[in-house]
Amino acid sequence: VGDTGVGKTTLAQTAATASSLPVFQPTNLNTDILYQLVTLTSKKSSTCTFIDEIIGFDLKQVFSLLPYTAVIATANELAYRRLSQDHQELISKFEIINLTTPDKKSTLAMLSAHSVDAGISLDQKLAEIIYEMSNKYLDRPQFPSRALGVLHEAIVMVRSSHSSEIT
């Protein structure tokens, strides 16, 4: 649970992938997809289903998945409040993790980790410039998303120039 851009989807995808289980990420849960998902998950000993922004799904169908698969879901704060008021039975099945906007040190660590994952050299001074400029000129979304967006643009430019260093 958290504001747009604080990293809910990234954290949920990372947790789903780290589970070492087969991961399903439906974009909706119409009856056909639900049937296929239940059929697939019941044939495997354990699976994980990742639902980004759970409020956009039929909650009765999400509830029906719970006996068959581990479910990791995201929600913004407003959607979570609405869900916890109207669908407490469903919400009680989840462990709730509240994400807040990370501080500068945490955001810089994320920038460093993302650059390493991308195979790009990013020195600390440049990471701080990305942080400061994205803070100054981009008011939405929240950190770390806005700083990571700037970094990803820089990575695309580096790769298109056939380099491995951001300067």
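Modeller: Helices here are DSSP runs of H or I with at least four residues, strands are runs of E with at least two, and both are numbered from the N terminus. The model is predicted, so local features need pLDDT of at least 70 and side-chain atom pairs count only at pLDDT 80 or more, while totals for chains, interfaces and linings use all residues. Residues are numbered from 1 along each chain as its sequence is written, and side-chain values use heavy atoms, with hydrogens and water left out.

Colleague: What pLDDT does the chain average?

Modeller: The chain averages a pLDDT of 82, and 92% of the residues score at least 70; pLDDT is the predictor's confidence in each residue, from 0 to 100.

Colleague: How do you know that the span of helix α8 agrees with its number of residues?

Modeller: The expected span is 1.5 Å times one less than the number of residues. For the 16 residues of α8 (145-160) this gives 22 Å, and the end C-alpha atoms are 22 Å apart, so the two agree.

Colleague: Why is S115 called buried?

Modeller: Buried means under 20% relative accessible area, exposed over 50%, and partly exposed in between, with a 1.4 Å probe and protein chains only. S115 has 2% relative accessibility and therefore counts as buried. S115 lies in helix α6. Leaving aside neighbours within four places in sequence, S115 is in contact (heavy atoms within 4.5 Å) with I120, L122 and L151.

Colleague: What makes the buried residues of α6 line one face?

Modeller: In α6, T107, L108, L111 and S115 are buried. Seen down the helix axis, they fall within an arc of 100°, so they line one face of α6; the arc is that of the directions from the helix axis to the C-beta atoms. These buried residues pack against α7 and α8. The face turned away from the buried side carries the exposed residues K105, V116 and D117.

Colleague: Why are β1 and β3 said to stand at the edges?

Modeller: The open sheet has 3 strands in the order β1-β2-β3, with parallel pairing. Two strands pair if DSSP finds at least two bridges between them. β1 (23-24) and β3 (70-73) each have a single partner strand, so one side of each is left without a neighbour in the sheet. Between β1 and β2 (residues 48-51) there are 2 bridges, and V23 stands opposite C48 in β2.
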